[in-house]
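Biologist: I have a structure open on my screen and would like to learn how to read it. Could you take me through it one feature at a time?

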Amino acid sequence: MAAMAEGGTRAGFVAVLGAPNVGKSTLVNQLVGAKIAIVTPKVQTTRSRLRGIRVLDQVQLVFVDTPGIFAARHRFERAMVHAAWSGASDADAILLLVDAKRGLTDETRAIIDRLKETRRETLVALNKIDLVPRHTLLPLAAAVQETGLAAEIFMVSALGGDGVEDLLGVLKARMPPGPWLYPEDQLTDISERLLAAEITREQLFLQLRQELPYAVAVETEGWTTGRGGAVRVEQVIYVQRETHKGIVLGKGGRQIKAIGTAARVELSQILGCPIDLKLFVKVRQRWLEDPERYRDIGLEYDV
């Protein structure tokens, strides 16, 4: 039931755009009020579009978390950037996130130039205001205003939540009349199987950091609900080389055990049930050239 079809309801999509690592996923989690997107210090953590859903009074907002936009060189990078721009094409509101620490970088200016070409009205949020001296924010806001893009400018801390309620209020007012697009209690459009894979991928990034090769994927292959609602989850971690497999496993299997334990605890908290997580590591040398893998994570292969 995509409920609330009458009675003055409104609903719409908000595309959250920005350069890599400006805090888009952290902000979407704040806007939704729950963790639906993984967050790591590694750039391009978000690989495909995912949607987070928030209901405020009679308004349903669907936030589209997108991959970071940058000068893509390889097929996989082009697919991610294409996913980001596709997420903006049909949105009812566009929110450009700018890292207040980095300011208007070349990447952000390139995004601004393309958005101006589309003539789409855009809101701009300066993020990480808690990490910079206050006196630097007004000059940055003025520089953003000078670009001619911003319909409104907000100052927020995606991590701490500062300014998020004001931003929500403005976005809520911009949603068009219409029935809700998702059930009232739904928080995201991704399946539990995909969410579980993302939670494990997050732990790979967090625990291995610079050791972890970028070309790693996680797939949930088994999902069995047992007595008392406990769920057995079987996942495969794909790497491109045998040496990468050794990094993920760790000495005596200690690293993969730590990754699995952390992922299991978080997934149990998110799903509200006991989780038995089994992880396997396999080498698939050319998975970045496999169209099926792209489809699995919601990317287009031929872009």
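Modeller: Ala, Val, Leu, Ile, Met, Phe, Trp, Tyr, Cys and Pro count as nonpolar, Asp, Glu, Lys and Arg as charged, and the others, Gly among them, as polar. With those classes, the lining of the largest pocket divides into seven nonpolar, 12 polar and five charged residues. Please keep in mind that this is a predicted model: local features need pLDDT of at least 70, side-chain atom pairs count only at pLDDT 80 or more, and totals for chains, interfaces and linings use all residues. Residues are numbered from 1 along each chain as its sequence is written, and side-chain values use heavy atoms, with hydrogens and water left out.

Biologist: How is a pocket told from a cavity?

Modeller: Rolling a probe the size of a water molecule over the atoms shows where empty space is left. On a 1 Å grid over the protein atoms alone, a cavity is a set of points where a 1.4 Å probe fits but cannot get out, while a pocket is an open set with protein on both sides within 12 Å along at least five of seven lines; lining residues have an atom within 4 Å of a point. Grid points are joined across faces, edges and corners, and a volume is the space filled by probe spheres set on the points.

Biologist: What is the volume of the largest pocket, and which residues are the closest to its centre?

Modeller: The largest pocket has a volume of about 430 Å³. It is lined by 24 residues, and the closest to its centre are Asn21, Gly23, Thr26, Val39 and Lys128. Helix 1 (residues 24–32) gives the most to this lining, with three residues. Helices (H or I, at least four residues) and strands (E, at least two) are DSSP runs, numbered from the N terminus.

Biologist: And how many cavities of 30 Å³ or more are there?

Modeller: The count comes to one. The largest cavity has a volume of about 160 Å³. Of its 13 lining residues, Ser48, Leu194, Glu198, Arg201 and Ile297 are the closest to the centre. Two elements give two or more residues to the lining, helix 6 (192–208) and strand 7 (217–225), and helix 6 gives the most, with three. By class, the cavity lining holds seven nonpolar, two polar and four charged residues.

Biologist: How do I read aromatic pairs?

Modeller: Look at ring distance and angle. Rings of Phe, Tyr and Trp (its six-membered ring) pair if their centres lie within 6.5 Å; planes under 30 degrees apart count as stacked, over 60 as edge-to-face and the rest as tilted. The structure holds two such pairs. Phe76 and Tyr294 have ring centres 5.6 Å apart and planes at 85°, so this pair is edge-to-face. Because Phe76 lies in helix 2 (residues 75–89) and Tyr294 in helix 9 (residues 291–296), the pair ties together parts that are 218 residues apart in sequence. Tyr294 and Tyr301 form an edge-to-face pair too, with 5.0 Å centre to centre and 85° between the planes.

Biologist: Are Tyr294 and Tyr301 buried or exposed?

Modeller: Buried means under 20% relative accessible area, exposed over 50%, and partly exposed in between (1.4 Å probe, protein chains only). Both Tyr294 and Tyr301 are buried. Phe76 is buried as well, with a relative accessible area of 5%.

Biologist: What about a charge over a ring?

Modeller: It counts if NZ of Lys or CZ of Arg is within 6 Å of the ring centre and within 35 degrees of the ring normal. Arg114 lies over the face of Trp85, at 4.2 Å from the ring centre. Likewise, Arg284 lies over the face of Tyr238, at 4.1 Å from the ring centre.

Biologist: Last one: how should I read phi?

Modeller: Most residues other than glycine have a negative phi, and most peptide bonds are trans. Here Lys128 has a positive phi of about 70°. Lys128 sits in the loop between strand 5 (122–127) and helix 4 (137–146), and at 19% relative accessibility it counts as buried. Asp57 also has a positive phi, near 55°. Asp57 lies in the loop between strand 2 and strand 3 (59–65) and is exposed, with a relative accessible area of 59%.
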